[in-house]
Amino acid sequence: MKKKLIILGLLVLVGALGWSQTTLIENINIIDVETGKLLPKRNVLIDGEFISKISSRDIKSPEGTTNIDGTGKYLIPGMIDTHIHFFQSASLYTRPDAIDLRHLVSYEDEMTFAEAIIPGNFRRYLRLGVTSIMDVGGPFSNFKVRDSMASKHLSPNVYVTGPLFSPYQPEAFASLEDIPIAKIRSIDEATDLFNKMLPYKPDFIKIWGVVTDDFPAEKNYPIVEHIAKLTHQNNLKLAVHATNLNTAKLAVKAGADILVHSVDDKPVDDEFIQLLKTNNVTYIPTLIVSKNYVKAFLGKPDGHPQDLAFGDPMVYRSLTDMHKYSATQVPPYIAQYKKNETGIMDYYRKVDSIMQINLKLLSEANVNIATGTDAGNIGTVHASSYIQEIEAMNIGGLSPFEILQASTINAATGFGLEASLGSVTSGKLADLVILDNNPLTDVQNLNNIHTVIKSGVALEIENLIEESPEQLVQRQVNAYNSRDIDAFMDTYADDIKIYNFPEELSLEGKEKMREQFKGMFERVPNLYCEIKNRIVLGNKVVDREYVRFGEQFTSVIAVYEIENGKIAKVTFIR
């Protein structure tokens, strides 16, 4: 393991310092994301950061070239998430304007946490084949993420803008020194914010087109039009949040280049379709984000395998926190959510249906569709939400090829990056993903990643995500609460030993442990483990756990000992 980490570090250093290196991928099947064709048995030469040659014939390479055998494997461009937010962690506490829990977790602590996990999230994105990410709105500290953090850490390509131009500013953000959303209700205010942002060299500009009773979309139209003019004069693209059909139409007429959400109030019409096509507007569906808020409010995240395996475990932990709070600790509307859970979910199924209908209509009309998650919002976890968004697009009627296009070349085109990103083409940046199975037959094959290549550097994916003992133990707790036996057992060593204090061996071996816990997970639907206190001492994590087991409750102290990235020993003190 130590040797592998050293090799990975050297590869990252080579890329970071720009040292020349050559890699040859041999005998691999290339997916042409522009045509959907499979190009069999190709050889791909990477020189430094870029693809230099692609051929069906043997390619002569210089001495010292790294060779990758691609036999039976598939090569796609690195994928792109066109809609994320760094200032949001995806935890229950990250949007106090949506649910105000600042009396339980201060927003200052939440912001510190959100910033601290960014380098880890960089690696999580890369592990899942996402080599470019677009932050479509946040505080001015976004520019530090792009200009400083991304250059010091192994990371995807990072593209950002600053604060959102908006006719409405949530009260929870109003007192912040570095605001993510600016209240803009005049052309002068828009100009001032634009001029303040321009020296930071934003990659695009974003408007939060929220409609309010006193400031409808029609009243905001001249301001949007003015911002679009400033944006285009500076050779930038304008992204607009507009989720109802009327607002979306006005945004496009005013000059929007990108719509960052689905139209979700009604089916789109021919006028809207023609507006998008005539103006070359990119449409980002973001299908899963809204419902994820409600799931977190109910304390019922999906327990998706990607979240349990690759999402930040401390973030995911918070999505079940509603189980530990009393009715007096949370806003009154949470009780109504719980009381009317069926009705709430029926409403979101209706919204889902509208968004899926619109996505299919726009795709069939050849509108440029791009994949984006809105990761960072409550319940939409950075990196691990990407495959979930893809699954939702597939359910909405898009084929694996259409989804692969949306995740690569369409996304690059939408943000004006098609000259350097988005396809396996000579001259483009060598951001590539090698898959074990063909993604054109099943989108789930995007999970079967063999190698990720970032700027010409082949990364060992098993070492990309570096987790602390605390994170590993929390991942185990998350899987327990989700009753996912595979995710749960993945955190344990093959020779796991479980003791009752002080030294009474009660269970030994992973298979015996799996058998015992699998039966419990199947029998008990409402398992929940709350960590009351935690102490971390080197490779040991000591948890005081309060466990709900059916109708019974118990309290126990668990001492976890970590070896080689797995839980090797647990001692229970009862």
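Guide: Let's start at Phe297, which is buried, with a relative accessible area of 4%. Here buried means under 20% relative accessible area, exposed means over 50%, and partly exposed is anything in between (1.4 Å probe, protein chains only). A word on the numbers: this is a predicted model, in which local features need pLDDT of at least 70 and side-chain atom pairs count only at pLDDT 80 or more, while totals for chains, interfaces and linings use all residues. Residues are numbered from 1 along each chain as its sequence is written, and side-chain values use heavy atoms, leaving out hydrogens and water.

Now for the ring of our residue. A pair of aromatic rings is described by the distance of the centres and the angle of the planes. Rings of Phe, Tyr and Trp (its six-membered ring) pair if their centres lie within 6.5 Å; planes under 30 degrees apart are stacked, over 60 edge-to-face, and the rest tilted. That rule gives 20 aromatic pairs. Tyr348 is buried, at 16% relative accessible area.

Other rings gather in a group: ring pairs link Tyr480, Phe488, Tyr492, Phe517 and Phe521 into a cluster. Charges can also sit over rings, which requires NZ of Lys or CZ of Arg within 6 Å of the ring centre and within 35 degrees of the ring normal. Lys532 does this over Tyr546, 5.2 Å from the ring centre, and the charged end of Lys569 sits over Tyr499, 5.0 Å from the centre of that ring.

Let's step back to the whole chain. The protein chain has 20 helices and 24 strands; these are DSSP runs numbered from the N terminus, with helices being H or I of at least four residues and strands E of at least two. Its radius of gyration is 24 Å, close to the 25 Å that the globule rule gives for 574 residues, so the chain is as compact as a globular protein of that length. The radius is taken over C-alpha atoms, and the rule is 2.2 Å times the number of residues to the power 0.38. Buried residues make up 57% of the 574, and Phe297 is among the buried ones.

Strand β7 (residues 130-135) is mostly covered too, with six of its six residues buried. Two strands pair if DSSP finds at least two bridges between them. Strand β6 (residues 79-84) runs parallel to β7, joined by four bridges, and Ile84 has Asp135 as its bridge partner in β7. β7 also pairs in the parallel sense with strand β8 (residues 157-160), over four bridges; there Ile133 has Val158 as its partner.
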